[in-house]
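Take a walk through this protein with the model open beside you. We start with the whole and then move to single residues.

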Amino acid sequence: MNIEPFLNKHTEALTLELSHFFQQECPEDLRCIQIMLFRESLPSVPFYIYFLNRFQGSVEGIKPYEPMSKLGLLIDSPKYISQEDTICDCLDFDDEAEQNSCMDTAYEKYNADNLLTAEWFAQCWQKAGGKDFKIPAFLTEEDAEFKPINLKTGKHIKHSSEYSNVFDG
C-alpha cells in the first residue's frame with residue numbers, strides 16, 4: 001500500500017505546527033533537537049521530539065512531546081496493517097522458510113515506509129523554515145535502520161560525527 005497520499009494529506013498541518021514550534025523561545029542549555037521515529041508506530045504518529053543538552057541528556061524545564069498528537073492515525077486507512085499484525089500473520093505459516101520469507105518481506109516494507117515517513121517529516125521541517133532554525137536538529141530511527149537526517153539540510157548525514165560533534169561528550 002502506498003502511504004504517500006496519507007502523508008501528503010497531513011503536510012500542511014505538520015508544517016504549520018513546526019512553524020509555531022520554531023517561534024518558541026529555546027532554553028539556553030538546549031544543544032540539539034532530536035526527533036525519534038519509532039519503527040513499529042505506524043499507522044499512528046511515529047515521532048517524538050526530544051530536547052538535548054550538551055551531554056545528550058534531557059534539557060530541564062522542557063518536556064519531550066509528540067507532534068500531531070491529536071491526529072491519532074497518520075495513515076487512516078483500514079487497509080494499512082501494522083508491522084506487528086503483519087509479523088503475527090507470518091508466524092501462522094507452518095513452514096519455516098515461508099515464515100522467514102514473509103518476515104523478510106514485511107521488514108523491507110516497513111523499513112521503506114519508515115524511511116518515507118522520515119523523509120516526509122524532513123520536508124515539512126524545511127517548508128516550515130527549519131533550515132534557518134538556530135538549533136541543530138536531527139531525525140533518527142530508534143533502531144538506526146537508516147542514517148539520521150540533518151533537518152537543517154534535509155539530507156541524511158554521511159558520517160556520524162556530523163551528529164556527535166554537536167555534543168561535548
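Of the 169 residues in the protein, 42% are buried. Keep in mind that this is a predicted model. The C-alpha atoms fill a box of roughly 55 × 35 × 30 Å along the principal axes. The secondary structure comes to 5 helices and 5 strands. Along the sequence the pattern reads α-α-β-β-α-α-β-β-β-α.

Turn now to a pair of helices. Helix H3 covers residues 83-90 and helix H4 covers residues 96-127. Their axes come within 9 Å and cross at roughly 165 degrees. Angles over 145 degrees count as roughly antiparallel, so H3 and H4 are roughly antiparallel to each other. Their crossing is right-handed. On the H3 side, the contact is made by Gln83, Thr86, Ile87 and Cys90. H4 brings Gln99, Cys102, Met103, Ala106, Tyr107 and Tyr110. Sorted by class, this contact of H3 with H4 has 7 nonpolar and 3 polar residues, and no charged ones.

Stay on H4 and look at Asn114. This residue sits in the helix. Is Asn114 buried or exposed? Asn114 is buried, because its relative accessible area is 1% and the cut-off for buried is under 20%. Which residues is Asn114 in contact with, leaving aside its neighbours within four places in sequence? They are Leu37, Arg39, Leu42 and Phe146.

Two of those contacts lead on to other features. Take Leu42 as the next stop. A cis peptide bond joins Leu42 and Pro43, with omega at about 20 degrees. Most peptide bonds are trans. Pro43 is found in the loop between strand S1 (32-37) and strand S2 (47-52).

Arg39 is the other one. Arg39 lies in the loop between S1 and S2. Its side chain meets that of Asp143 in a salt bridge, 3.5 Å from N to O. Asp143 is in the loop between strand S3 (137-141) and strand S4 (149-150). The pair links distant parts of the chain, 104 residues apart. Asp143 is partly exposed, at 44%.

That bridge belongs to a wider set. Side chains of opposite charge can pair when their charged atoms come close. The structure holds 6 salt bridges. Another of them is formed by Arg31 and Asp168, at 3.0 Å from N to O. Arg31 lies in the loop between helix H2 (11-22) and S1, and Asp168 in the segment after helix H5 (161-164), so this pair ties together parts that are 137 residues apart in sequence. Arg31 is partly exposed, with a relative accessible area of 27%. Asp168 is also partly exposed, at 43%.

Asp168 has a further partner. It forms a salt bridge with Arg54, and the closest N and O atoms are 2.8 Å apart. Arg54 lies in the loop between S2 and H3, so the pair with Asp168, in the segment after H5, ties together parts that are 114 residues apart in sequence. Arg54 counts as partly exposed, at 41% relative accessibility. What do the shared partners build? Arg31, Arg54 and Asp168 are joined into one network.

Most residues other than glycine have a negative phi. Gln56 has a positive phi of about 70 degrees, although it is not a glycine. The place of Gln56 is in the loop between S2 and H3. Gln56 counts as partly exposed, at 38% relative accessibility. Met68 lies in the loop between S2 and H3 too. Phi of Met68 is also positive, near 60 degrees. Is Met68 buried or exposed? Met68 is buried, with a relative accessible area of 9%.

Notes. Residues are numbered from 1 along each chain as its sequence is written. This is a predicted model: local features need pLDDT of at least 70, side-chain atom pairs count only at pLDDT 80 or more; totals for chains, interfaces and linings use all residues. Side-chain values use heavy atoms; hydrogens and water are left out. Axes are lines fitted to C-alpha atoms, for helices over the stretch in contact, and angles run from 0 to 180 degrees between N-to-C directions. Helices (H or I, at least four residues) and strands (E, at least two) are DSSP runs, numbered from the N terminus. Angles under 35 degrees count as roughly parallel, over 145 as roughly antiparallel, 65 to 115 as roughly perpendicular and the rest as oblique. A crossing is left-handed if the near helix is turned anticlockwise from the far one by less than a right angle, and right-handed if clockwise. Contact means heavy atoms within 4.5 Å. Ala, Val, Leu, Ile, Met, Phe, Trp, Tyr, Cys and Pro count as nonpolar, Asp, Glu, Lys and Arg as charged, and the others, Gly among them, as polar. Buried means under 20% relative accessible area, exposed over 50%, partly exposed in between (1.4 Å probe, protein chains only). A salt bridge is a side-chain nitrogen of Lys or Arg within 4 Å of a carboxyl oxygen of Asp or Glu.
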